Amino acid sequence: MNDAKTPLIAAADIENAHVRGMSAYDQRVAEADADYDAYWCERARELLSWRTPFTRGLDESQAPFFKWFEDGTLNVSYNCLDRHVEKGLGDKTALIFEADDGQVTRVNYRELLARTCRLANALKARGVHKGDRVVIYMSMSIEGVVAMQACARIGATHSVVFGGFSAQSLRDRIQDAGAVMVITADEQLRGGKQLPLKAIVDDAIALGGCESVANVLVYQRTGAAIHWDSTRDRWLHAETQNQPDSCEPEWVGAEHPLFVLYTSGSTGKPKGVQHSSGGYLLHAALTTQWTFDLQPDDVFWCTADIGWVTGHSYITYGPLALGATEIIFEGVPTFPDAGRFWKMIEDHRVSIFYTAPTAIRSLIKSAESNESVHPRSYDLSSLRILGSVGEPINPAAWEWYHQHVGGGRCPIVDTFWQTETGGHMITPLPGATPLVPGSCTLAFPGIAAAIVDETGADLPNGQGGILVIKKPWPSMIRTIWGDPERFKASYFPAELKGYYLAGDGAIRDAQTGYFTITGRIDDVLNVSGHRMGTMEIESALVSCTELVAEAAVVGRPDETTGEAICAFVVLKGPRPSGEEARQIANTLRNWVAKEIGPIAKPKDIRFGDNLPKTRSGKIMRRLLRSVAKGEDVTQDISTLENPAVLAQLAQSN
Ligand code: WT7
């Protein structure tokens, strides 16, 4: 937030910026205000190549199931590949892949198109049709991007599952999506370790419920020995090697589902967020262009995994739609040492760097104790724009990022958005918006972000409230796969006047109107920029029926990961202590890792004879959040049925 103590940092003076100066920003906002539909239609004509031009923009007739550019047809992979080759950019490097061990592979647009076509043909040869769902469970790789593009080319709807999810989570997603194919790798390489992927797919299928899967396509990454079921397993290289280099794109309607991506909500089951083809690609491309001020010679690096929406919009789709050169990184920021990011920026002359606050915070720690991994030990002069995503960036991390990574000269775009929004909603534009550390500043032009109370009434600047988007925008979630009622209830609650409910609290600065996100208002946690539902973790814990009677999960602030998962558990047996408690806590952590994935492992597990409940039997989560933080909670427990458990629950294991 801005006040007298935190002055605005002037916007960078970028001569040829796409949006140069606040007047240019204001002008675009004014255009969108004056004729919202015309503003978006113009963007869609400018940025995308349509097979059949659309004749209208927004269709609100089925609200909140909004449609955009519905009678237009296009192909997403055509927009990301062919059109650049047709314009003579076939030799331009599209992807610079750096493997875990440092080996570098470059792919130009012509080759990327050919590889996409070969795989697209292979998918068709295995009977994958337009509208079929394909689950992609892959490491960061050229093949992962090719797999997504190949699905887009034939109109198959992909659902990428992050390689850190467990067999159980993968099974649930395969089943919910009704996938006909899974594309995976034998193993993934991260930080020098070989981690299984195919074996997890085998386990997922063995759990049952995946009968829809006819084929499992396996990319050979490490050559490790893997179990092989010749009735369904196929090597990707064998399937693609004799396929032709060209494949006529499947022209789809703008509303055709490009992908479904599962994310956590406030209830147990993950939601399959369904995105469109036209509106989604438009905003992925437009935000890549304006938020990062992408220019033809830039080397763009988004460090996210393709298993998250950030990797969809800012690796696979946005940069490629604009014909950019980008980095794909297989490994982790700390291998072989915590200077890896800085070394890669130096080696590849990266000019735009987009990462998460958690990564910054953990690299600050390493840099401060070891000069050789400090950013100042590297030549980072190629950088011109920095980005942050996934969670609030605290001012101290912002300052360090700005000074030590950006050399004090690179604007930081703190981009607020969500899986559901498809692209940036609130963010600075680097050549226009003056910056304030810790604020995501102003809405992207054409995005009607606002702060309201529980009745949907506008709140004045300076007063915190509920973040909503008042008007539908092109890249918004279309529905929850297979659950339209949940879509309506989750995002368009009756009391909010038809506004999109983001699920975050926010406040606007009284003077500048700048937004600061104050955190989720539902039971969703943000751990290292990964979204986790507390209910999901609770269900995982209580599914350990041998040990657990009851569980409640809350978040507590963590210096590095933003939030940490804290679980309060009542066991079936007596409350353990000492070594026994530590052992059971570890058993439960591994149980959660098996049920959901290692990212969901609770950092703290605390045992009590009971959970703090009101006299009507409701678990007092607010109180648990205070206990988790280590706050003194002896006041404010008048309604508590069993105050004695608080002392037990204050102890960490
Ligand atoms: C939630 C969405 C956005 C892609 C990656 C995460 C939080 C995201 C910011 C930011 C403060 C942020 C919000 C949001 N969030 N970006 N710049 N400042 N909070 O996508 O997994 O769908 O999570 O991440 O709480 O609702 P996601």
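A salt bridge here is a side-chain nitrogen of Lys or Arg within 4 Å of a carboxyl oxygen of Asp or Glu. This is a predicted model, so local features need pLDDT of at least 70 and side-chain atom pairs count only at pLDDT 80 or more, while totals for chains, interfaces and linings use all residues. Residues are numbered from 1 along each chain as its sequence is written, and side-chain values use heavy atoms, with hydrogens and water left out.

**Exercise 1. Find the partner of Lys-488 in a salt bridge, and say where the two residues lie.**

Step 1: Lys-488 pairs with Glu-485, and the closest N and O atoms are 3.7 Å apart.

Step 2: Both residues belong to helix H14 (residues 484-491), 3 residues apart, about one turn of the helix. Helices are DSSP runs of H or I with at least four residues, strands are runs of E with at least two, and the numbering starts from the N terminus.

Step 3: An α-helix has 3.6 residues a turn, so residues three or four places apart point the same way.

Step 4: Now the accessibility, where buried means under 20% relative accessible area, exposed over 50%, and partly exposed in between (1.4 Å probe, protein chains only). Lys-488 is partly exposed at 32%, and Glu-485 is exposed at 53%.

**Exercise 2. Work out which parts of the chain the salt bridge between Asp-293 and Arg-384 links.**

Step 1: The closest N and O atoms of Asp-293 and Arg-384 are 3.4 Å apart.

Step 2: This pair links distant parts of the chain, 91 residues apart. Asp-293 sits in the loop between helix H9 (278-291) and strand S16 (299-302), and Arg-384 in the loop between helix H12 (357-369) and strand S19 (385-389).

Step 3: Asp-293 is buried, with a relative accessible area of 1%, whereas Arg-384 is partly exposed at 24%.

Step 4: For another pair, take Arg-171 and Asp-172, whose closest N and O atoms are 3.2 Å apart. Arg-171 is buried at 15%, and Asp-172 is partly exposed at 33%.

Step 5: The structure holds 39 salt bridges. Lys-198, Asp-202, Asp-229, Arg-232 and Asp-233 are linked in a network of them.

**Exercise 3. Describe helix H4 (residues 109-125) from end to end.**

Step 1: H4 has 17 residues and reaches 24 Å from its first C-alpha to its last. That is close to the 24 Å expected at 1.5 Å a residue, a span taken as 1.5 Å times one less than the number of residues.

Step 2: At the N-terminal end, Asn-108 is the cap, with a side-chain oxygen 3.1 Å from the backbone nitrogen of Arg-110.

Step 3: After H4 comes Gly-127, which has a positive phi near 85°.

Step 4: The buried residues of H4 include Tyr-109, Leu-112, Leu-113 and Cys-117.

Step 5: Leaving aside neighbours within four places in sequence, Gly-90 is in contact (heavy atoms within 4.5 Å) with His-84, Val-85, Asn-108, Tyr-109 and Arg-110. Gly-90 counts as buried at 3% relative accessibility.

**Exercise 4. Check the radius of gyration of the protein chain against the globule rule.**

Step 1: The rule is 2.2 Å times the number of residues to the power 0.38, with the radius taken over C-alpha atoms.

Step 2: For 653 residues, a compact globule would come out near 26 Å; the protein chain has 24 Å, which agrees.

Step 3: Buried residues make up 62% of the 653 residues.

Key:
A polar contact is a pair of N or O atoms within 3.5 Å; within protein, one must be able to donate a hydrogen and the other to accept it, and residues adjacent in sequence count only if both atoms are side-chain atoms.
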